[in-house]
Amino acid sequence: MLQIRRFGFYWLDTWVMANVIQLATQDFCARFLNRTNDPCGRQFDQMTMAARSAPANIAEGNSRHSTSKETEMKLTDVARATLAELANDYVNWLLRHEQTPWSIHSAEYAQVANIRFDKPTYQDDVLHESSAHILKQKHLFDRWLLSDDSIVVANCLLVLCNRLVMMIGKQIENQLATFREEGGFTEALTAERLAARTEQSKQADAPACPLCGKPMVKRVAKKGINSGREFWSCSAYPQCYGTKDIV
């Protein structure tokens, strides 16, 4: 259980796919970019950093799941945005070579798009086993990724990038659904604070709210003519606005 809590993102298909794309992009740049077509090395840096950003942000976002679902969604969306940027680099590569991306109706596109990953079966050595899993999934695409034709490799990676963008979109939808149901870190802190105040009120024999009957808590007015004065406020605020003077 400890390893699952620490490395939960290792079980995500999006994270595995992002690592496959990162490794394949590094190979692509090393094999096909040179001083002639990338004299300053800027495209190499841009593509490899965009490819790195995807798994990094998926991992960081998932690691924040228990403390900030808002941050988790934002970082996951950053991963999606960098993948869209990387996909555009592959489109640009094809256009520079007077080529167009594979049609979604083509056999090549269907063959790449229909390959499904194996489910991870990690046991007690997650780092080792997950790395082996990533390499195994990458080899599923060797037919295209190992080609000496950069057009074939670029097309394959373009399909994978777009496929992962859609996968991450569904992941964000699930994160949003969880957020709507459970709230985020701020909501959890508010609930804990209200629970603590309610318990304190019970122990201090606080009066019941005249509107809803729940125990009241002491608050200090922050503005108006009563600024600085204590008063009783319903512990259910802001759902209930019941107040009472402290006598």
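Predicted model: local features only at pLDDT ≥ 70, side-chain atom pairs only at ≥ 80, totals over all residues.
Student: Over how many bridges do β1 and β2 pair?
Tutor: Strand β1, residues 216-220, and strand β2, residues 230-234, pair over five bridges in the antiparallel sense. Within that pairing, V217 stands opposite S233 of β2, and K218 stands opposite W232 of β2.

Student: And over how many bridges do β2 and β3 pair?
Tutor: β2 pairs with strand β3, residues 243-245, over three bridges, again in the antiparallel sense. F231 has D245 of β3 as its bridge partner.

Student: Let me step back to the whole chain. How many helices and strands does its secondary structure come to?
Tutor: There are nine helices and three strands. Along the sequence the pattern is α-α-α-α-α-α-α-α-α-β-β-β.

Student: What percentage of the residues count as buried?
Tutor: The chain has 247 residues, of which 41% count as buried.

Student: Among contacts between residues at least 6 apart in sequence, what share joins residues at least 24 apart?
Tutor: That share is 64% for this chain.

Student: On to helix packing. At what angle do α2 and α3 pack, and how far apart are their axes?
Tutor: Helix α2 covers residues 13-32 and helix α3 covers residues 42-63; they pack at about 165°, and their axes are 9 Å apart. Because of that angle, α2 is roughly antiparallel to α3. The crossing of the two helices is left-handed.

Student: Which residues make the contact between α2 and α3?
Tutor: From α2 the contact draws on T14, W15, A18, N19, I21, Q22, T25, Q26, F28, C29 and A30. From α3 the contributors are F44, M47, T48, A51, R52, A54, P55, I58 and A59. Sorted by class, the contact of α2 with α3 has 13 nonpolar, six polar and one charged residues.

Student: What about α2 and α4: which angle and which axis distance apply there?
Tutor: α2 and helix α4, residues 69-96, pack at an angle of about 35°, and their axes are 13 Å apart. The crossing of α2 and α4 is left-handed.

Student: Which residues make that contact of α2 and α4?
Tutor: I21, T25, F28 and F32 of α2 make the contact with L83, L86, Y90 and W93 of α4. These residues divide into seven nonpolar, one polar and no charged. Among the α2 residues here, I21, T25 and F28 are also in the list for the contact with α3.

Student: How do the axes of α3 and α4 relate to each other?
Tutor: The axes of α3 and α4 come within 8 Å and cross at roughly 155°. The two helices are therefore roughly antiparallel to each other. α3 passes α4 in a left-handed crossing. By class, the contact of α3 with α4 has 12 nonpolar, eight polar and five charged residues.

Student: Which residues does K138 touch?
Tutor: Leaving out residues up to four places away in sequence, K138 touches V20, L23, A24, D27 and L145. Of these, V20, L23, A24 and D27 fall within residues 13-32, the span of α2.

Student: Where is N162 found?
Tutor: N162 is found in helix α8, which spans residues 150-182.

Student: What is the relative accessible area of N162?
Tutor: The relative accessible area of N162 is 37%, so N162 is partly exposed.

Student: How far apart are N162 and L86 in sequence and in space?
Tutor: N162 and L86 are 76 residues apart in sequence and 9.6 Å apart in space, taken from C-alpha to C-alpha. L86 is one of the α4 residues in the contact with α2.

Key:
Residues numbered from 1 in each chain as written. Heavy atoms only, no water. Axes fitted to C-alpha atoms, helices over the stretch in contact; angles between N-to-C directions. Helix = DSSP H or I, 4+ residues; strand = E, 2+ residues; numbered from the N terminus. Parallel < 35°, antiparallel > 145°, perpendicular 65-115°, else oblique. Left-handed = near helix turned anticlockwise from the far one by under 90°. Contact = heavy atoms within 4.5 Å. Nonpolar A, V, L, I, M, F, W, Y, C, P; charged D, E, K, R; others polar. Pairing = 2+ DSSP bridges. Buried < 20%, exposed > 50% of the residue type's maximum accessible area, 1.4 Å probe, protein only.
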